[in-house]
Amino acid sequence: MRRAARERTPGPLVLDVRGRPGPPPLRFVRADAGPPALHQGDRPLFLARSVGDGCCRELHLRRLPGHRSPLPPLRAASMREPGDWRHRYARWLEEAPDGPLHDGRWRLAARASFAPGIWTEDFVRDWPDCVLELLCGGGWHGVLPLRPLSAPDAPRVKAYRKHARDGTLAPVLLWWVSFLDGWLILDGHDRAVAALAEGREPACVVLARLPDEAQWRRTADEITEARAARPAGPAPGPRQAALARAYADTLAALPYDEAPTPVWPPADDA
């Protein structure tokens, strides 16, 4: 399978995927005006319906069995090997027959800490049904498993708990989904349970779609034009220096800001 180009960046690992026009095997599908469903191949993994009026609605999900991880099984010896997990996961995602990659730019970023509540109140433990309370504007900001969670004393989880104590536990692979403003677990359900059972937040690698180059450059041009059209301010001083730094930081972040998660038509309409 064709490998993606790696962009030279000072921080995250960015894949420039080409030759995979989509839709990918793991994708969101919307058949009507309702919320999208998650499919893998020809199988739905969850169905969703929106409940309530106004901006603060509830998203009712029913998850279905059958999720296939895009990563191969991890052995204890491989977890103890030194290396950058972002690159390992990138290679496996490229080779995966059931993954989410398609043409475009993708970021793989290591993440070791999250906002309070993400792995507690907003970590969905119920199966198969759950309710996501969407904030005004549509966001939820939690972590959604794609299969039932094992018990903390299950044999595999107990083995992973020792890795967590030893500092050799492989990170959980999350997929950031824009319309949820939250994450799906693509791989590492038992590793997440093990880390939490040991009183730790799981270390993660987060996969996210990035804007295409033409898109972020167009946004940069718009910001630059708007700044140039502003009347000249007073003589340079601390405030003007702070504004200049904010402008430069905004432009520098544009290529790496998350892009909306694509939603595809049903297979019969593609």
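Is Phe114 buried or exposed in this structure? Phe114 counts as buried, because its relative accessibility is 9%, where buried means under 20% relative accessible area, exposed over 50% and partly exposed in between, with a 1.4 Å probe and protein chains only. The model is predicted, so local features need pLDDT of at least 70 and side-chain atom pairs count only at pLDDT 80 or more, while totals for chains, interfaces and linings use all residues. Residues are numbered from 1 along each chain as its sequence is written, and side-chain values use heavy atoms, with hydrogens and water left out.

The chain holds 6 helices and 13 strands, which are DSSP runs (helices H or I, at least four residues; strands E, at least two) numbered from the N terminus. Of its 270 residues, 41% count as buried.

A search of the whole structure finds 8 aromatic pairs, that is, rings of Phe, Tyr and Trp (its six-membered ring) with centres within 6.5 Å, called stacked if the planes are under 30 degrees apart, edge-to-face if over 60 and tilted for the rest. Phe28 and Phe179 form an edge-to-face pair, 4.9 Å centre to centre with 85° between the planes. Because Phe28 lies in strand β3 and Phe179 in the loop between β10 and β11, this pair ties together parts that are 151 residues apart in sequence. Phe28 is buried at 0% relative accessibility, whereas Phe179 is partly exposed at 26%. Phe114 and Trp183 form an edge-to-face pair as well, 5.4 Å centre to centre with 90° between the planes. Phe28, Phe46, Trp175 and Phe179 form one aromatic cluster.
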